[in-house]
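Here's a quick briefing to read alongside the model. Keep the structure open and follow along as we go.

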Amino acid sequence: MPRALWVLIIGMTLNVTASSFLWPLNTIYLHDHLGKTLSMAGLILLANALASVVGNLCGGGLFDKIGGYRTAMAGVIITLLSSIGMAWNHEFLPYVIFLTISGFGTGIVFPAIFAMAGTVWKEGGRKSFNAVYVAQNFGVAVGSALGGVIASYSFEYVFIANTVMYVLFFLVAWIGFRGIQGDAASPTSILHEKQSKTTSNKMLIPLLVLCLGYFLCWIGYVQWQSTIAAYTQEIGISLKQYSLLWTVNGAFIVLAQPLLALVIKWFAKTLKVQLIVGMIIFILSFAVAATSSNFAGFMTAMVILTIGEMFVWPAVPAVAGEIATKGKVGLYQGIVNSTATGGRMIGPLLGGFLVDTKGMDTMFAVLTIFVVLAIGTVFMFDKMQKKVNEGKGAIVPLK
């Protein structure tokens, strides 16, 4: 991998580690320390997610206009200032304001890093996006684990640790991202520009179709952090055991990369196959979870789910990077990231409604239908792309 990609990986790890100090503990802090209801906590987290969606779209647009470095720095500075403000004053109203601003800032950063990753190692194909995806999960694992330990001493230290990590991220971005401008330059000729705009406009609808499937998959995935989490407590699985599920999730994603590379090389040679296989594995994980009544069953379902996400989550940004024309890379990555955030935002609300009104079995059935529909969007995208490319190729095999 090129040096620039390693710098982006380090930056992403620091960014996600910093945010992971806090996001698993937000509800606990709002409910137990500030005395707010769980409904109020949910609304505040919804505001954070909405701000992140807006940030994703703004970050993608800014990348195309001003380049990767300046876009990433804008997001980093916004997030750093909000974390400093949160460390300084985390009473209810300031906390809500700074948390919302932080969501906007981090939303700007994510599409910028993904877009830069795709442009600094184009010949690497999906490997670039997979590397950033692994860095994300490593950051989640480290930040969540350390955040819980730090919070056991004092929540004050969590806010300080969050700020310190963002300071480190700021320094890495300021120094290391400087030479990584991305793809903000205009096309070299008027003819090229017209062709680029025409192709880009035609590919935007297929991307939105694929992102609809991505959104449906995220609605299912996020149930493990909401409805399934609550269900495991009801059937006697301890909080410690539930936390172990996510520890295994993060560790498996990092450690199983060599095996995944072999599977992709010999079996899932195209992104189309990679997406479909991953989604089928999602369905299998839901089936196992739906019939489980003990920790071993849910651990099995989690391992299966993790294999599925290793196929699907890096593949969609890779597809967006493949089909994006010059000057649209940031926009496409912004759409992909905002879709994922939207799924994480809507998923708990929809899942909770289904469980409260119809029960867990109905929820798992609906999630399965969603993923089947998601598989359909992959075929639709493939067909639409073939039409745009006039039969010159669908989702092309990547290195």
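Is the crossing of α12 and α14 left-handed or right-handed? It's left-handed. Bear in mind that you're looking at a predicted model. The protein chain has 16 helices and 0 strands, so let's look at how some of those helices meet, starting with the pair in the question.

**Helices α12 and α14**

- Helix α12 covers residues 271-290 and helix α14 covers residues 315-323; they pack at an angle of about 155°, with their axes 10 Å apart.
- Angles over 145 degrees count as roughly antiparallel, and α12 and α14 are therefore roughly antiparallel to each other.
- On the α12 side, the contact is made by Leu271, Gln274 and Leu275, while α14 brings in Ala315, Val316, Ala318 and Val319.
- Sort the residues of this α12 and α14 contact by class and you get 6 nonpolar, 1 polar and no charged.

- Gln274 sits in helix α12, and it counts as buried because its relative accessibility is 2%.
- Setting aside residues up to four places away in sequence, Gln274 touches Arg126, Ile264, Ala268, Met310, Phe311 and Ala315.
- Val263 belongs to helix α11, which runs over residues 257-266.
- With 29% relative accessibility, Val263 counts as partly exposed.
- Apart from neighbours within four places in sequence, Val263 is in contact with Ala268 and Phe311.
- Along the sequence, Val263 and Gln274 are 11 residues apart, and in space their C-alpha atoms are 9.8 Å apart.

**Helices α1 and α6**

- Helix α1 (residues 3-20) packs with helix α6 (residues 126-153) at an angle of about 30°, and their axes are 7 Å apart.
- That angle makes α1 roughly parallel to α6.
- The crossing of α1 and α6 is right-handed.
- From α1, the residues that meet α6 include Leu5, Ile9 and Met12, and their partners in α6 include Ser128, Ala131 and Val132.
- This contact of α1 with α6 has 10 nonpolar, 8 polar and no charged residues.

**Helices α15 and α16**

- Helix α15 (residues 329-358) and helix α16 (residues 360-388) pack at about 140°, with axes 7 Å apart.
- α15 and α16 are therefore oblique to each other.
- The crossing of α15 with α16 is right-handed.
- Leu350, Gly351, Leu354, Val355 and Lys358 of α15 make the contact with Met360, Thr362, Met363, Val366 and Phe370 of α16.
- Here the class tally for α15 with α16 is 7 nonpolar, 2 polar and 1 charged.

**The core and the whole chain**

- The largest nonpolar core has 118 residues, and the members that touch the most others are Ile113, Phe177, Trp224, Leu275, Met279 and Trp313.
- Helix α5 (residues 92-120) supplies the largest share of this core, with 12 residues.
- Take Trp224 as an example: beyond its neighbours within four places in sequence, its contacts include Tyr242, Trp246, Phe286, Phe298 and Met302.
- The protein chain has 399 residues, and 53% of them count as buried.
- Among contacts in the chain between residues at least 6 apart in sequence, 84% join residues at least 24 apart.

Definitions and conventions: Residues are numbered from 1 along each chain as its sequence is written. This is a predicted model: local features need pLDDT of at least 70, side-chain atom pairs count only at pLDDT 80 or more; totals for chains, interfaces and linings use all residues. Side-chain values use heavy atoms; hydrogens and water are left out. Axes are lines fitted to C-alpha atoms, for helices over the stretch in contact, and angles run from 0 to 180 degrees between N-to-C directions. Helices (H or I, at least four residues) and strands (E, at least two) are DSSP runs, numbered from the N terminus. Angles under 35 degrees count as roughly parallel, over 145 as roughly antiparallel, 65 to 115 as roughly perpendicular and the rest as oblique. A crossing is left-handed if the near helix is turned anticlockwise from the far one by less than a right angle, and right-handed if clockwise. Contact means heavy atoms within 4.5 Å. Ala, Val, Leu, Ile, Met, Phe, Trp, Tyr, Cys and Pro count as nonpolar, Asp, Glu, Lys and Arg as charged, and the others, Gly among them, as polar. A nonpolar core is a set of buried Ala, Val, Leu, Ile, Met, Phe, Trp, Tyr and Cys residues joined through side-chain atoms within 4.5 Å. Buried means under 20% relative accessible area, exposed over 50%, partly exposed in between (1.4 Å probe, protein chains only).
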